[in-house]
Amino acid sequence: MAHGNSTFSVIGSDVTITGDISASVDLHIDGKVEGDIKCASLVQGESSVISGAITAETARMSGKVAGSITAKELVILKSAQIEGDVHYDALTIEQGAQVDGRFAPNGQRAAPKPARSAAKNGDADPQLQMAN
């Protein structure tokens with residue numbers, strides 16, 4: 001993807017968008033978005049609230065997100081509060097960031113939480129037994 005003539009769009013803190021956003025440019029969002037976002041690069045401000053799925057080449061998150069995030073390069077800053085699954089190629093998380101969801105590399109689905117009762121009739125899986 002060539003960034004020679006890259007442009008940048010800003011959604012200010014006083015703007016609320018209801019609906020999906022699709023952009024071939026870089027976005028900086030300080031406002032509120034209720035809908036899915038697809039863009040080249042996303043920078044989310046601390047005061048921003050996004051309710052929807054995010055798909056971007058690169059994303060730098062520092063606000064609130066309720067929805068999944070898919071990015072090749074993802075940075076989650078300490079002020080971020082994310083509620084949703086995260087898919088990435090490269091991931092950086094600052095200490096203090098809050099993420100309530102599952103992490104998985106791109107191309108893989110987030111693994112479901114393992115079942116606690118794998119043995120139904122008393123036969124435990126030998127691979128899961130602990131040696132005393």
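Predicted model: local features only at pLDDT ≥ 70, side-chain atom pairs only at ≥ 80, totals over all residues.
User: How do I read the pairing of strands, and which strands does β6 pair with in the parallel sense?

Analyst: Two strands pair if DSSP finds at least two bridges between them. Here β6 and β8 pair in the parallel sense over six bridges, and I37 has I54 of β8 as its bridge partner.

User: What share of the contacts joins residues at least 24 apart in sequence?

Analyst: Of the contacts between residues at least 6 apart in sequence, 4% join residues at least 24 apart.

User: How much of the protein is buried?

Analyst: A residue is called buried when its relative accessible area is under 20%. By that cut-off, buried residues make up 30% of the 132 residues. The accessible surface comes to about 8500 Å², and carbon and sulfur atoms hold 47% of this area. Strand β6 is mostly covered, with six of its eight residues buried.

User: Which residues have the most contacts inside the largest nonpolar core?

Analyst: The largest nonpolar core has 22 residues, and those with the most contacts inside it are I29, I37, L42, I50, M61, L74 and I82. Two or more residues of this core come from each of β4 (26-29), β6 (37-44), β8 (54-61), β10 (69-76) and β12 (86-93). For I29, leaving aside neighbours within four places in sequence, the contacts are I11, I37, L42, V43, Q44, G45, S48 and I50.

User: Is Q44 buried or exposed, and what does its side chain reach?

Analyst: Q44 belongs to strand β6. Q44 counts as buried because its relative accessible area is 1%, and the cut-off is under 20%. The side chain of Q44 reaches the backbone nitrogen of G63 at 3.0 Å. A polar atom of that side chain also lies 3.0 Å from the backbone oxygen of K64. Not counting residues up to four places away in sequence, Q44 touches I29, V49, I50, R60, M61, S62, G63, K64 and V65.

Notes
Residues numbered from 1 in each chain as written. Heavy atoms only, no water. Core = buried A, V, L, I, M, F, W, Y, C linked by side-chain atoms within 4.5 Å. Buried < 20%, exposed > 50% of the residue type's maximum accessible area, 1.4 Å probe, protein only. Helix = DSSP H or I, 4+ residues; strand = E, 2+ residues; numbered from the N terminus. Contact = heavy atoms within 4.5 Å. Areas by Shrake-Rupley, 256 points an atom, 1.4 Å probe, with all protein chains shown as cover. Polar contact = N/O pair within 3.5 Å; in protein donor to acceptor, adjacent residues only side chain to side chain.
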